[in-house]
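Have the viewer open and follow along.

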Amino acid sequence: MITKKTVDHLGWLARIKLTEEEKEKFPDQLNSILDYFEKLDEVEADVSPTHHVLGLTNVFRDDVAGQSISQEDALGNAPRKERGYFKGPRII
Amino acid sequence: MNVDGIREMLQNGKSVEELVHSIFDKIEHSKLNAFVTLAKESALEEARRVDKHGAKGMLGGIPIGIKDSISTKGIQTTCCSKILEGYVPPYDAHVIERLKAEGAIIIGKTNMDEFAMGTSTETSRFGPARNPWDLSRVPGGSSGGSAAAVAGGEVPLALGSDTGGSVRCPASFCGVVGLKPTYGLVSRYGLIAYANSLEQIGPFAGNVKDVALLLDVISGYDSRDSTSMTKKCEYLKELKDDVSDVKIGVPKEFFGEGIDEKVEKAVWGGIKALEDMGASYTEISLPHTKYSLAVYYIIAMSEASSNLARFDGLRYGLRLGKDKDWHTTFSEIKAQGFGEEVKRRILLGTYALSAGYYGKYYLKALKVRTLIKRDFEFALKDTNVLITPTMPFPAFKIGEKIGEPLALYLADVNTVPINLAGVPSVSVPCGFAGKLPIGMQIIGRHFDEATILRTAYVFERNGGG
């Protein structure tokens, strides 16, 4: 059961600052979706999980450097940068 | 507007530049809101180059629209989300490299539900796209702009992406042909990820032949996608006017509760028409179908909650005024950058993956996915295609369903099982409910696009849709 408090915690885990309005509205919506998911409780699924359908495991290539984008291109979309680096908010 | 028609126009003396000009003129006066970003300069430059040096490649001089979730070097790509506002990719997706290598002309980026999460193209930050058959109705989603652009005669070809029906749903609602390839046939390099284990880039066109041609261009091995596979044949060459070897399975679960009567009738009409053309059919059962929607939404939301964590405004996209502390800065960017449906799915995905719930939701969904996949493999042993309605009903009104998330999710009932099983599926027009098109879904074995395209082709040529 998802309460306003759960939504608040999920917002923190996902790093999304939710508005009061969203915290009021989301619990009912999310609970009705979770109720629908309860359907799966009735299935006996004593099988291995399918992560994707191709059954591939590790795919390796030779360790040879290929082409990549330049530092200038990589920084081209950065809203804030400094001396060739992405600039983030202060940590401490 | 189709590829043969354009080639004829060009052979009769029309220049590619004139063609491209007329397309931009049409789009600028269009009410469909199918395109969200136009690549006017680069398209006209490429058009003049083709006029000067001649049309080369499989798509020489042919205009195409690209869903806003596919990276295009130098052309803004935003997944129709505010969080990617202003983002201009420094590289092309694999499919874009292939299109350019074959001479296609990229007209612009098409409208979609934000991050491909939707069935109606109403959650786009650029406003809803509209259905060319009735402007008060949705074109379907999430690749609604691509389907509307083709149906509205703005471009002959378009690319979409399909995670749980996002190519086939709008193809059905707009009366065009749309294909979701087998998982692994088309490289996902450069596709902005929503749910990696489910999605594929897929072609749209006004007819089956053009879809096969576009699939020929975009499919094949790419080392930059570790799930990429080598293709086995050339699809256009495999189109023959013969379905005498086609054994159709009709899964009863796909004609269940909630399917509009007119839709059911039109699809059965299509199956009988194929029988008259030499195919045979049997009614079959895919017993785990009823769990598909729950399995799909748990997996898609879980993958999304992880994928979308990368949008933090640090390397690209939305950044707000002055930075605050680390967590507050990112929490506020995501709060303002993501729309409501995206937030809902990230929150639920976060919940499904959190300690204590992982086994109940995510792991359980992956196990039931195995059962659903086995259903398809078993059914496709004695049959080589399955036929169902693509969507349970024709296009609904803009605003009609957007207030009820769960009701909207239920519309995907016939499309999501296909992504869970990873098999290919094409939606082809099969009739009308009033003035609204109806789509018939033809599903095939893994990597057997040739048979479903051939079935769709024969249907289309002999009085289908």
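What follows is a short briefing, grouped by topic. Keep in mind that this is a predicted model. Chain A and chain B bury about 5400 Å² between them, and a search over all chains turns up 35 salt bridges.

**Where chain A meets chain B**

- On the chain A side, 53 residues are in contact with 71 residues of chain B.
- Of the roughly 5400 Å² buried between the two chains, 69% is on carbon and sulfur atoms.
- One to look up is Lys360(B) with Asp41(A), whose side chains meet at 3.1 Å, N to O.
- Two elements of chain A give two or more residues to the side that touches chain B: helix 1 (4–13) and helix 2 (20–37). Helix 2 of chain A gives the most, with 10 residues.
- Sorted by class, that side of chain A has 30 nonpolar, 10 polar and 13 charged residues.

- As a reminder, side chains of opposite charge can pair when their charged atoms come close.
- In chain B, Arg48(B) and Glu17(B) form a salt bridge at 3.1 Å, N to O. Arg48(B) sits in helix 3 (residues 40–53) and Glu17(B) in helix 2 (residues 16–28) of chain B, so this pair ties together parts that are 31 residues apart in sequence.
- Both ends of that pair are partly exposed: Arg48(B) at 41% relative accessibility, and Glu17(B) with a relative accessible area of 24%.
- Arg49(B) pairs with Glu46(B), again by a salt bridge of 3.1 Å, N to O. These two both lie in helix 3 of chain B, 3 residues apart, or about one turn of the helix. Arg49(B) is partly exposed, with a relative accessible area of 45%.
- Asp222(B) and Arg224(B) make a salt bridge too, with their closest N and O atoms 3.0 Å apart. Buried or exposed: what is Asp222(B)? Asp222(B) counts as buried because its relative accessible area is 5%, under the 20% cut-off. Arg224(B), in turn, is partly exposed at 37%.
- Over in chain A, salt bridges with shared partners link Lys4(A), Asp8(A), Glu20(A), Lys23(A) and Glu24(A) into one network.

- Strand 2 of chain B is mostly covered, with 5 of its 5 residues buried.
- In a regular strand, side chains alternate between the two faces of the sheet.
- Here, Pro63(B), Gly65(B) and Lys67(B) point one way and Ile64(B) and Ile66(B) the other, and all are buried.
- Strand 2 runs parallel to strand 3 of chain B, and 5 bridges join them. Ile64(B), for one, has Ile106(B) in strand 3 as its bridge partner.
- Asp68(B) is found in the loop between strand 2 and helix 4 of chain B, and it counts as buried at 0% relative accessibility.
- Beyond four places in sequence, Asp68(B) touches a set of residues including Val36(B), Gln76(B), Cys79(B), Lys109(B) and Phe126(B).

**Helix 4 of chain B**

- The buried residues of helix 4 (residues 94–101) are His94(B), Val95(B), Ile96(B) and Leu99(B).
- Their cover includes strands 2, 3, 4 and 6 of chain B, along with helix 7 (208–218).
- After helix 4 comes Gly103(B), which has a positive phi, near 85 degrees.

**Lys247(B)**

- Lys247(B) lies in strand 7 (residues 247–251) of chain B and is partly exposed at 47% relative accessibility.
- The C-alpha atoms of Lys247(B) and Leu380(B) are separated by 9.3 Å, though the two residues are 133 apart along the chain.
- Leaving out residues up to four places away in sequence, Lys247(B) touches Ser280(B), Asp382(B), Thr383(B), Asn384(B) and Val385(B).

Note on methods: Residues numbered from 1 in each chain as written. Chains lettered and ligands numbered in written order. Predicted model: local features only at pLDDT ≥ 70, side-chain atom pairs only at ≥ 80, totals over all residues. Heavy atoms only, no water. Contact = heavy atoms within 4.5 Å. Buried area = accessible area lost by both parts, 1.4 Å probe. Salt bridge = Lys/Arg side-chain N within 4 Å of Asp/Glu carboxyl O. Helix = DSSP H or I, 4+ residues; strand = E, 2+ residues; numbered from the N terminus. Nonpolar A, V, L, I, M, F, W, Y, C, P; charged D, E, K, R; others polar. Buried < 20%, exposed > 50% of the residue type's maximum accessible area, 1.4 Å probe, protein only. Pairing = 2+ DSSP bridges.
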